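The sequence and structure are shown first, and the notes follow by topic.

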Amino acid sequence: MSDDHSERSKITDGMSEAELNARHAEKMKKKKVARDKILATKTIEKGLLIVHTGKGKGKSTAAFGLVFRALGNGMKVGVVQFVKGKWETGERKILEHFPEQVTMTAMGDGFTWETQDRQRDIAAAKAAWERAKALIMDEAHDMVLLDEMNIVLRYDYLDIADVVAFLREKPANKHVIVTGRNAKDELIELADLVTEMEMVKHPFRSGVKAQRGIEF
């Protein structure tokens, strides 16, 4: 038990339930005042460049969570999947029910170790990037998800300098999300929000295969 926790326990020992409730209410009142003071200083509203990277599971999952949140707010979303073209994913099936709000494009031919054809992969990556740029520049779309784009950047199928230069000049209110392992340093530096998923445990290492509803 930490010293801080022990000290709190000494203070609250012997207090009645009513006294504990009153103490809690006063503590939360002070916390709210401090929180409101901080929030009052946050006045900028802008389109964010968001990067989900790292070895842990959940990069695309979290990104699609943002997509669904945007849909719930009446926003229009573009999705470009760079390497999952052959996968019948659950999120794709759901998004097909929102044709007025979602533009879904699966451009890849599978992971690069599946195609084993570098030139084909490069061509697919370039086609996906051209589609992504069109969606980002389209004023009708509020958010664009570039799913697994970090993978093609890692293999240098796209020029990171060109990608960063374009994203730097994206429309001011456009949200862009990029997912995939091994995000390039240049992309991380440019981004407004970067989350690195850390793997603590994964069932794959125990022989559990990718499962419907969990991985796809």
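This is a predicted model: local features need pLDDT of at least 70, side-chain atom pairs count only at pLDDT 80 or more; totals for chains, interfaces and linings use all residues.

Is aspartate 192 buried, partly exposed or exposed, by relative accessible area? Aspartate 192 is partly exposed, with a relative accessible area of 38%.

- Aspartate 192 and lysine 46 form a salt bridge through their side chains, at 2.8 Å from N to O.
- Lysine 46 is partly exposed, at a relative accessible area of 40%.

- A salt bridge of 2.6 Å (N to O) joins the side chains of lysine 32 and aspartate 36.
- Because they stand 4 residues apart in helix H2 (residues 17–39), lysine 32 and aspartate 36 are separated by about one helical turn.
- Lysine 32 is exposed, with a relative accessible area of 52%, whereas aspartate 36 is partly exposed at 35%.

- The side chains of glutamate 130 and lysine 133 meet in a salt bridge, 3.0 Å from N to O.
- Both residues belong to helix H6, where glutamate 130 and lysine 133 are 3 residues apart, about one turn of the helix.
- Glutamate 130 has a relative accessible area of 47% and is partly exposed; lysine 133, at 22%, also counts as partly exposed.

**Nonpolar cores**

- The largest nonpolar core comprises 30 residues, and Phe82, Trp129, Leu146, Met149, Leu158 and Leu167 have the most contacts inside it.
- Two or more residues of this core come from each of strand S1 (49–53), helix H6 (118–137), strand S4 (143–147), helix H7 (149–154), helix H8 (160–168) and S5.
- H6 provides the largest share of this core, 7 residues.
- Another core, of 14 residues, lies apart from it and includes Phe64, Met75, Val79 and Leu95.

**Positive surface patch**

- Lys55, Arg154, Arg181 and Arg205 gather on the surface in a patch of positive charge.
- Within this group, arginine 181 is placed in the loop between strand S5 (175–179) and helix H9 (185–190).
- Arginine 181 is partly exposed, with a relative accessible area of 40%.

Terms used: Residues are numbered from 1 along each chain as its sequence is written. Side-chain values use heavy atoms; hydrogens and water are left out. Patches are made of residues with over 30% relative accessible area and no salt bridge: like charges are joined within 9 Å, nonpolar side chains (Val, Leu, Ile, Met, Phe, Trp, Tyr) within 5 Å. Accessible areas come from the Shrake-Rupley method with a 1.4 Å probe; for residues, only the protein chains shown count as cover. A salt bridge is a side-chain nitrogen of Lys or Arg within 4 Å of a carboxyl oxygen of Asp or Glu. Lys and Arg count as positive and Asp and Glu as negative; His and the chain ends are not counted. The place of a charge is taken as NZ of Lys, CZ of Arg, CG of Asp or CD of Glu. Buried means under 20% relative accessible area, exposed over 50%, partly exposed in between (1.4 Å probe, protein chains only). A nonpolar core is a set of buried Ala, Val, Leu, Ile, Met, Phe, Trp, Tyr and Cys residues joined through side-chain atoms within 4.5 Å.
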